[in-house]
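Keep the sequence and the 3D view open while reading.

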Amino acid sequence: MAHAVPSFDLRPGAAGSPVILHVPHSARTVPAAVRAGIVLDDAALERELDDITDAHTAELAEAAAALAGRTPWLFVNRLSRLVVDPERFPDEREEMLAVGMGAVYTGTTRRGTLRAGDGDPGPLIERYFRPYARAMTETVRDRLAATGRAVVIDVHSYPTEPLPYELHGGGSRPPVCLGTDAFHTPAALAELARAAFAGCGGTELDTPFAGTYVPLEFYGTEPRVAALMVEIRRDGYMTEPGGPAGPGLHRFAAALAALVDGVGH
């Protein structure tokens, strides 16, 4: 876990594609300097990574991009969300602060301690969160300039059984959860997703996870930025927790490619 890797990877797609597949939580890498601030021992950290990582979602998004008729843009986080979570609000707006999971986590999935609560999150925010946010903002701005719109499709997964950190874990856990936003998710986009994933066991909106990711510069103000979160239940494509991918990955990749083609034209 100590080797250095870029904190994110942007892979250009077709010049005319408005679609950005965003994969924020697929990696397990924790740089050594960040690992030093985590209080878990190595075995406990591996268990936490098994639970918190959206394993194989980068592979799934890459397969979907290869299958799509018009290649989408790919923006992939190459560091674990235990370094910073690029999808959280970096301030008091973030509801997950209630369980120690704001932009810099202090709590674990099982409501234990990940980092000392009196630590300063500022250095991690400056080193990792803000550059990631700027790069994603630029990617969206570039798609707006090139195509007149941007469609951010967030690729996630979630465990079959709820974990203690989940604020809304009592809700339904469908094979595919589609997270929406009242401003940034047009009804037509949600319907395209329902149709694309119809053969994957069923979809529901905003349960057990709700909302979408939009860079803050555009959030709630730029209607040309559309967004949808795709949360795939892990038993459909991998062995839980933290195990290998199975043949279901290709079924979900094909469905995601169909969604990309539906919204990209």
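## Helix 5 against helix 6

The axes of helix 5 and helix 6 come within 8 Å. They cross at roughly 145°. The crossing is right-handed. On the helix 5 side, the contact is made by Leu-189, Leu-192, Ala-193 and Ala-196. On the helix 6 side, Ala-255, Ala-258, Leu-259, Gly-262 and Val-263 take part. Bear in mind that this is a predicted model.

Helix 5 covers residues 187-196. Leu-189, Ala-190, Ala-193 and Ala-196 are buried there. Seen down the helix axis, the buried residues fall within an arc of 125°, so they line one face of helix 5. An α-helix has 3.6 residues a turn, so residues three or four places apart point the same way.

What does the buried side of helix 5 pack against? Its buried residues meet helix 6 (248-263) and several strands. The strands are strand 4 (150-158), strand 5 (176-179), strand 6 (203-205) and strand 7 (225-233). The face turned away from the buried side carries Ala-187, Ala-188 and Ala-195, which are exposed.

## Helix 3 against helix 6

Helix 6 also packs with helix 3, which spans residues 57-67. The axes of helix 3 and helix 6 come within 8 Å and cross at roughly 50°. That angle makes helix 3 oblique to helix 6. This crossing is right-handed.

Which residues meet here? Helix 3 brings Glu-59, Leu-60, Ala-61, Ala-63, Ala-64 and Leu-67. Helix 6 brings Leu-249, Phe-252, Ala-253, Ala-254, Leu-256 and Ala-257.

## An aromatic cluster

How many aromatic pairs does a search of the whole structure find? The search gives 5. In one of them, Phe-8 and Phe-75 are stacked. Their ring centres are 5.3 Å apart, with 15° between the planes. This pair links distant parts of the chain. Phe-8 sits in strand 1 (residues 8-11) and Phe-75 in strand 3 (residues 73-77), 67 residues apart. Is Phe-75 buried or exposed? Phe-75 counts as buried because its relative accessibility is 1%, under the 20% cut-off. Phe-8 is partly exposed, with a relative accessible area of 25%.

Phe-75 also pairs with Tyr-132, this time edge-to-face. The centres lie 5.0 Å apart and the planes make an angle of 75°. Again, distant parts of the chain are linked. Tyr-132 belongs to helix 4 (residues 122-147), 57 residues from Phe-75 in strand 3. Tyr-132 is buried, at a relative accessible area of 3%. Together, ring pairs link Phe-8, Phe-75 and Tyr-132 into a cluster.

## Thr-212 in its loop

Where is Thr-212 found? Thr-212 lies in the loop between strand 6 and strand 7. Its relative accessibility is 18%, so Thr-212 counts as buried; the cut-off is 20%.

Which residues does Thr-212 touch, leaving aside its neighbours within four places in sequence? Its contacts are Gly-179, Thr-180, Asp-181, Thr-185, Ala-227, Leu-228 and Met-229. Among them, Gly-179 falls in strand 5 (176-179). Ala-227, Leu-228 and Met-229 fall in strand 7 (225-233).

How values were computed. Residues are numbered from 1 along each chain as its sequence is written. This is a predicted model: local features need pLDDT of at least 70, side-chain atom pairs count only at pLDDT 80 or more; totals for chains, interfaces and linings use all residues. Side-chain values use heavy atoms; hydrogens and water are left out. Rings of Phe, Tyr and Trp (its six-membered ring) pair if their centres lie within 6.5 Å; planes under 30 degrees apart count as stacked, over 60 as edge-to-face and the rest as tilted. Helices (H or I, at least four residues) and strands (E, at least two) are DSSP runs, numbered from the N terminus. Buried means under 20% relative accessible area, exposed over 50%, partly exposed in between (1.4 Å probe, protein chains only). The arc is that of the directions from the helix axis to the C-beta atoms. Contact means heavy atoms within 4.5 Å. Axes are lines fitted to C-alpha atoms, for helices over the stretch in contact, and angles run from 0 to 180 degrees between N-to-C directions. Angles under 35 degrees count as roughly parallel, over 145 as roughly antiparallel, 65 to 115 as roughly perpendicular and the rest as oblique. A crossing is left-handed if the near helix is turned anticlockwise from the far one by less than a right angle, and right-handed if clockwise.
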